[in-house]
Amino acid sequence: QVQLVESGGGLVQAGGSLRLSCVASGSIFSINDMGWYRQAPGKQRELVATITSGNSTNYADSVKGRFTISRDNAKNTAYLQMNSLKPEDTAAYYCNAYIKPPYRRSYSNYWGQGTQVTVSS
């Protein structure tokens, strides 16, 4: 069994910062790409940022220069540092990861339960 658990969400004023964490736990042999997605009410889930096992990163244009994704492979953890937050960043943020359990030959895709980020104007 594999779980992804996010934390760090909350209410912040525009211009403020938050740091999200995503911890993968359970039967893990290796973790490939990890990423953060978000979904605002009435909108589709969208990519925020991804990071490969080799630390190559990719960002949505809307967050470039403000958000930074990173990971600690020893802790099976991904982070999302969010600076200069805007009201339009308000959404539920979800962690995503491709994880290979020891009992499988291939990677499977896992999602966390989400953490709410609310940015007030």
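A disulfide here is a pair of cysteine sulfur atoms within 2.5 Å. By that criterion, a search of the whole structure finds one disulfide. Before I go on, the ground rules: this is a predicted model, where local features need pLDDT of at least 70 and side-chain atom pairs count only at pLDDT 80 or more, while totals for chains, interfaces and linings use all residues. Residues are numbered from 1 along each chain as its sequence is written, and side-chain values use heavy atoms, with hydrogens and water left out.

Back to the disulfide. Cys22 and Cys95 form it, with their sulfur atoms 2.0 Å apart. The torsion about their S-S bond is about -75°, so the disulfide is left-handed. Cys22 sits in strand β3 and Cys95 in strand β9 (residues 91–100), so the pair ties together parts that are 73 residues apart in sequence.

Next, the neighbours of β3. Two strands pair if DSSP finds at least two bridges between them. Strand β1 (residues 2–7) pairs with β3 (residues 18–26) in the antiparallel sense, over six bridges; there, Val5 has Val23 as its bridge partner. β3 also pairs with strand β8 (residues 77–82), again antiparallel and over six bridges. In that pairing Ser21 stands opposite Tyr79.

Leaving out residues up to four places away in sequence, Asp72 touches Thr77 and Tyr79, where contact means heavy atoms within 4.5 Å. Is Asp72 buried, exposed or partly exposed? Asp72 is partly exposed, because its relative accessible area is 25%. Its C-alpha atom is 9.8 Å from that of Ser53, 19 residues away along the chain.

Last, Arg38, in strand β4 (residues 30–39). Arg38 counts as buried because its relative accessibility is 7%. Which side chains does it meet through polar contacts? A polar contact is a pair of N or O atoms within 3.5 Å; within protein, one must be able to donate a hydrogen and the other to accept it, and residues adjacent in sequence count only if both atoms are side-chain atoms. The Arg38 side chain makes one with the side chain of Glu46, at 2.7 Å, and one with that of Asp89, at 3.0 Å. Beyond four places in sequence, the residues Arg38 touches include Val48, Phe67 and Tyr93.

Conventions:
Helices (H or I, at least four residues) and strands (E, at least two) are DSSP runs, numbered from the N terminus. Buried means under 20% relative accessible area, exposed over 50%, partly exposed in between (1.4 Å probe, protein chains only).
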